[in-house]
Protein chains: 2
Amino acid sequence: MTQPMEELRARLAEIEDLRAAAAVLDWDQNTKMPPRGAPARAEALATLHSIAHARFSAEETGRLLERARESLDGADADCDDARLVVVTERRYEKARRVPTELATELARAASLGQQAWKQARAQDDFALFAPYLERNIELARRYVACFEGFGGFECAYDALLDDYDPGMRTTEVERLFGELRDALVPLIGELAEREVDDAVLHERVAVERQRELVEEVLALQGFDPEGWRLDDAVHPFATGLGAGDVRITTRWEEGYFPMALFGAMHECGHGLYEDGIAPELRRTPLGQVDSLSLHESQSRLWENIVGRGRAFAEVLAPRVARRLLDGRALEPETLFRAVNRVRPSFIRVEADEATYGLHVVLRFELEQELIEGRLPVSELPQAWNERVRSYLGLEVQRDCDGVLQDVHWSAGLLGYFPTYALGNMVAAQLWARARRDLPDVEQQIASGELGGLREWLREHIHRHGSKYETGELLQRVVGGPIRTEPFAQYLSDKLGAAYGVQLPDRR
Amino acid sequence: MTQPMEELRARLAEIEDLRAAAAVLDWDQNTKMPPRGAPARAEALATLHSIAHARFSAEETGRLLERARESLDGADADCDDARLVVVTERRYEKARRVPTELATELARAASLGQQAWKQARAQDDFALFAPYLERNIELARRYVACFEGFGGFECAYDALLDDYDPGMRTTEVERLFGELRDALVPLIGELAEREVDDAVLHERVAVERQRELVEEVLALQGFDPEGWRLDDAVHPFATGLGAGDVRITTRWEEGYFPMALFGAMHECGHGLYEDGIAPELRRTPLGQVDSLSLHESQSRLWENIVGRGRAFAEVLAPRVARRLLDGRALEPETLFRAVNRVRPSFIRVEADEATYGLHVVLRFELEQELIEGRLPVSELPQAWNERVRSYLGLEVQRDCDGVLQDVHWSAGLLGYFPTYALGNMVAAQLWARARRDLPDVEQQIASGELGGLREWLREHIHRHGSKYETGELLQRVVGGPIRTEPFAQYLSDKLGAAYGVQLPDRR
């Protein structure tokens, strides 16, 4: 490594350490911290983000970047060092536009907002949360304003979206979401009225027994207690706190075991991504995953394509029978059908794969209206409920089943939601490719052997960290950009099989 | 507040935030972190300490301190601002002598050392730990060397001791420990051979049932779930992570419930100190307690003077009977005697109050030999075992019951141990004073009402944070310096009552 590269890496490593420390504080706040600790925690997080932002956006970083770039003259544009400089330069250009005071305030408001949201949600009282959301939106607008004239951003929402999927644009999401809606609506229309017996999912099972099942499944998936933790959280999440330290969370419902099981598989999918980042990228900006669409492709692939797939039902059914049903028989086919029941519902994270996309479209639209000032926060619950009625045909009765269900807005994460639906699309594209590369992958999965798929994903996706934007990585792996069709086709195939009906061919 | 004071406070608040963040990372490392996370955590902690140290010891801090001091001309020397400047100036003078590179290395080595110690202890293998201890001692020597010529330090150990009890000196500890030994040895000689029936303490009780008892007792003591947490730890500790966030830990032994119970009461005593610091001192250097002798006086007071006292036996006995003994009768007097059995043993934190002091004296002596280079690490286990034989008459069979039992040296905490025995002395002095101020405090305690004592401690000790050094605060509360006699007299009175014998009057 050249001297300028070493100096750049040393500076970035310190900033990554601050980020890792903030991630520990965040994890703790959402799993362990007693409620009265919230104000002090918000200050500590604000300080960490403030120092990290000031150091990163300082001119010294720019100088080190420039010297590092010069020192790489002639190097392979695809090598770690070259990618590190390119990715970091873009982040630097963005960070420089954001005053440290605003970055600090965003962190403080996010921390306070989450705590307020927890209370508002527990008490089903949107009014408790509204001032914090207003503050977050006001700050998001100030943030967006920093990017006036920034290359490639065509609207306010672009500046937000780019933080969660660098290079992705609002118009592209609109186009993809239009196709998605066109694919989903007829599918839902075809299936939502059909009866599926999913009574087995609603039997009461004590959390401690569910936990044994979840731990067994996670172990198959790649959870390693030496380097991972599983905890409870109101809103499940996964986070990587540095090499060898992956934290995932889930939540438990005694009358609905899929909540914890598939939630844990989902977060474990995220965790495998964090765990699989190449050691040599750690403590650099490439050692965290910038594209949440890619990140979500991993969680959704494990949760839905594997977890709710026909092959894995062979693994799950006997284990559910033994651990949760006192040994009563459960046919894999029965379980497969039950966990793939299509039925509009209130909660995004509990939605089936067909209706899920509509939950995301709804949030994407509302976020744009909020950020552009077309929708005041006071009218948000009403707007939410109207859209749920229109998209899902349901009447929201309580805000905690509606506008208060997700943590994101409380944490200032505006522009994040689209990556969930984009992740579904990417997951289907990767799955199609993996099945070509690993012709017996479904037999492997049916026998409980998940290592083949995991290693394929590690090789093609995980290890690269943030070396490539979503489109670049997809180009390398599947030879093209994000597309809706593979996801639509996957859904048609799978739900057709589950329901025993012929659904439209989307090829 | 004057402008210079405000500027000083703003700078110090940021540094305290970094310290609070490091405390979260430390807590997590010792309660939750998966083992493979250790190296990355060490880096993150090193960076936090490095940045905090660099900011604190920067000349800008000195300038702000000077301007703040000038702005306070004529102010009450006892007001928060004046004390903040005095206490911070002394810390600043010390910090300036320590290069940031060394501060960083101390933090990194402490983090790695703790992880190595955990493994060495679990495997009862000192050799796994030895290189980390050697590193910590080497760094401690470099640290000590920074204070050559620093006012008032007369020997290497003074520089270490001062970090855990500012103003305390090795010669003073030697004098007090000499008196302590003179008081303890005949007491132990008198009592150690007498039979005490403590079979009730060794009944097997599942952890979950013990937990109910512990939670009930902690609630009496002042544990509030809205602002506190109780977790498990290999080596129990307490930490304040900022206002409204107190973390205590304990460990459980199914065949010996006092381990968890009195351990939790001990840590809760620390926690009450952290919880009771005045809000206006938070996010300043006065908002953390510098004197661990004072800190330990609180934990030992609650654990031993209250927890193992005759009055509280009235509260404990029926609860132990109901929760742990399936309702079998337990006389308070029987419990009182059992928990005050004097018997030399291997583990410091399990030692009775009479032999405890000898465990500390032993460590104090070994630490001085280690730091002065008179004892190589390779010979430490042998030296330890010899001293245990000489002081306690016991043969150490396994290093995990000997030199590997305490976390401190692994975390670079050399000079810390004396504060445990000093804390016992201070606790007895405070207790004597509290009984004068609250004549019915024992009746209150016997009825389970611990609020009177807690509030007395909050008023006289806790709220002051680090405003005063140990000697200054004791002067205010008991009218004099640390003394051995009150502790010796307390032990004579209590153990005499427990054993039904006449012990020497130490007045």
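Reader: Which residues is A:N424 in contact with, leaving aside its neighbours within four places in sequence?

Author: Those residues are A:R300, A:Y356 and A:F487, where contact means heavy atoms within 4.5 Å. A:N424 itself sits in helix α16 (residues 418-437) of chain A; helices (H or I, at least four residues) and strands (E, at least two) are DSSP runs, numbered from the N terminus. This is a predicted model, in which local features need pLDDT of at least 70 and side-chain atom pairs count only at pLDDT 80 or more, while totals for chains, interfaces and linings use all residues. Residues are numbered from 1 along each chain as its sequence is written, chains are lettered from A and ligands numbered from 1 in the order in which they are written, and side-chain values use heavy atoms, with hydrogens and water left out.

Reader: Why is A:N424 called buried?

Author: The relative accessible area of A:N424 is 5%. Buried means under 20%, exposed over 50% and partly exposed in between (1.4 Å probe, protein chains only), so A:N424 counts as buried.

Reader: What makes A:E60 and A:R63 a salt bridge?

Author: Their N to O distance is 3.1 Å. The rule asks for a side-chain nitrogen of Lys or Arg within 4 Å of a carboxyl oxygen of Asp or Glu, so the pair qualifies. The two residues are three apart in helix α3 (residues 59-71) of chain A, which means a separation of about one helical turn. A:E60, at 31%, is partly exposed, and A:R63, at 48%, is also partly exposed.

Reader: How many residues apart are B:R323 and B:E212 in sequence, and where do they lie?

Author: Their side chains meet in a salt bridge at 3.3 Å, N to O. B:R323 belongs to helix α12 (residues 310-324) of chain B and B:E212 to helix α9 (residues 207-221) of chain B, so the bridge ties together parts 111 residues apart in sequence. Relative accessibility is 25% for B:R323, which is thus partly exposed, and B:E212 is partly exposed at 41%.

Reader: How many salt bridges are there between chain B and chain A?

Author: The count is eight. One of the pairs in the model is A:R283 with B:E43, whose closest N and O atoms are 3.6 Å apart. The side of chain B that touches chain A draws two or more residues from each of α1 (3-31), α2 (38-57) and β1 (228-232) of chain B.

Reader: What is the area buried between chain B and chain A?

Author: About 2900 Å², with carbon and sulfur atoms giving 57%. Buried area is the accessible area (1.4 Å probe) that two parts lose on being put together, summed over both. In contact terms, 38 residues of chain B meet 38 residues of chain A.

Reader: Where is A:D124, and what is its phi?

Author: A:D124 lies in the loop between α5 (100-123) and α6 (126-145) of chain A. Its phi is positive, about 50 degrees, although A:D124 is not a glycine. Its relative accessibility of 30% makes A:D124 partly exposed.
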